[in-house]
Amino acid sequence: MRHRRLLLRSIAASPLLAWSGGRSIAEEARILVVADQGAVHRATASAVEVELGRLGVPGDQVVSVPVQAGFPAGHPPAVQVAVGAGALRAVAARPGSPLVAVQVSRMQVEAMSWPGPGKAPEDLLAIVTDQPHARWMALADLVPVARRGVGVLLGPGTQGTQKSLERAAAERNLPFHWEQVGAESQIIAALERLLARVGLLLAIPDPLVHNRHTVQPILLTAYRAGCPLIGYSESYTNAGAVLSLHSSPDQFGRQAAEGVFAALRGRPASGIVSPRQFRVSVNATVARSLGLQLPAAPEIEERLT
């Protein structure tokens, strides 16, 4: 906290970046950060505030509230930030300011019901949790058994990603196979068919396929077949995935803050974008038990950059 106060004092003592009409950010900017409950969402909201301070936005211009607390009274904010799907739904009901959404999936953004004409506003920037498919396949390419084929289970929410995944795999000369599932009861049978054709399994985020009821059965089935699995979160690695590809709250917070700062300066970005920065986590114990020798996480991240 002492470091934070010193940082804000040093910012206040220095000339702030001027913008329209010669007025400073301190005179006009007011950012509302609304976050879902949960440690990841709170950490991301905190990272947004810290990065905004580093960019020159005084701390008293940033109001951060949990979504369940409602919205503070007063003038509409210059920019709104929604951290999580619940926060996005709440903030979307209050249009009028540029909106930066973070810690939401592409599927959640596309499934949103928007006020007005029913389509996403032009001043929405959504930084989604979905990693680029090319990045997924670049990581898969570092695991030798991927040459026997890369497989993925697709639920209703990810069915439309098949072609993009196929293209990303083809660019790496990796055979690609997939199975479509429409209910949790179909997952294990579809997985067993898939495992007969591939050497590596990707766990692409899909709420039907990968949830608290299905993760352990999927991991156990893949492990018994001797097939390593690449997950999409550090918790997936801890549960038994050999690798996972994900972005940290600090990385999401930094990218979101840059989107807010651009909007404050009159150059807002828009659209649905992937995380720019990422992390790789490695489960060395599972890798050894499957006969894999993998580099350490920092080396893998460097090779993917």
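The crossing of α8 and α9 is right-handed. In this predicted model, helix α8 spans residues 187-195 and helix α9 spans residues 215-224, and their axes come within 10 Å of each other while crossing at roughly 30°. Because angles under 35 degrees count as roughly parallel, α8 and α9 are described as roughly parallel to each other. On the α8 side the contact involves I187, I188, L191, E192 and L195, which meet P217, I218, T221 and A222 of α9. By class, this contact of α8 with α9 comprises seven nonpolar residues, one polar residue and one charged residue.

A second pair is formed by α6 and helix α7, the latter covering residues 162-171, with axes that come within 9 Å and cross at roughly 45°. The two helices α6 and α7 are therefore oblique to each other, and the crossing is again described by its hand, α6 passing α7 in a right-handed manner. From α6, the residues H133, A134 and M137 take part in the contact, and from α7 the residues S164, L165, A168 and A169. The contact of α6 with α7 contains five nonpolar and two polar residues, and no charged residues.

For α3 and α11, the packing angle is about 50° and the axes lie 7 Å apart, which makes α3 oblique to α11. The crossing of α3 and α11 is right-handed. Residues V40, A43, T44, A47, V48, E51, L52 and L55 of α3 make this contact with P249, D250, F252, G253, R254, A256, A257, E258, V260 and F261 of α11. Divided by class, the residues of the contact of α3 with α11 are twelve nonpolar, two polar and four charged.

The largest share of the lining, four residues, comes from α5. The largest pocket holds about 1000 Å³ of space and is lined by 37 residues, of which S105, T129, D130, P205 and Y232 lie nearest its centre. In terms of residue class, the lining of the largest pocket divides into 14 nonpolar, 17 polar and six charged residues.

Notes. Residues are numbered from 1 along each chain as its sequence is written. This is a predicted model: local features need pLDDT of at least 70, side-chain atom pairs count only at pLDDT 80 or more; totals for chains, interfaces and linings use all residues. Side-chain values use heavy atoms; hydrogens and water are left out. Axes are lines fitted to C-alpha atoms, for helices over the stretch in contact, and angles run from 0 to 180 degrees between N-to-C directions. Angles under 35 degrees count as roughly parallel, over 145 as roughly antiparallel, 65 to 115 as roughly perpendicular and the rest as oblique. A crossing is left-handed if the near helix is turned anticlockwise from the far one by less than a right angle, and right-handed if clockwise. Contact means heavy atoms within 4.5 Å. Ala, Val, Leu, Ile, Met, Phe, Trp, Tyr, Cys and Pro count as nonpolar, Asp, Glu, Lys and Arg as charged, and the others, Gly among them, as polar. On a 1 Å grid over the protein atoms alone, a cavity is a set of points where a 1.4 Å probe fits but cannot get out, and a pocket is an open set with protein on both sides within 12 Å along at least five of seven lines; lining residues have an atom within 4 Å of a point. Grid points are joined across faces, edges and corners, and a volume is the space filled by probe spheres set on the points.
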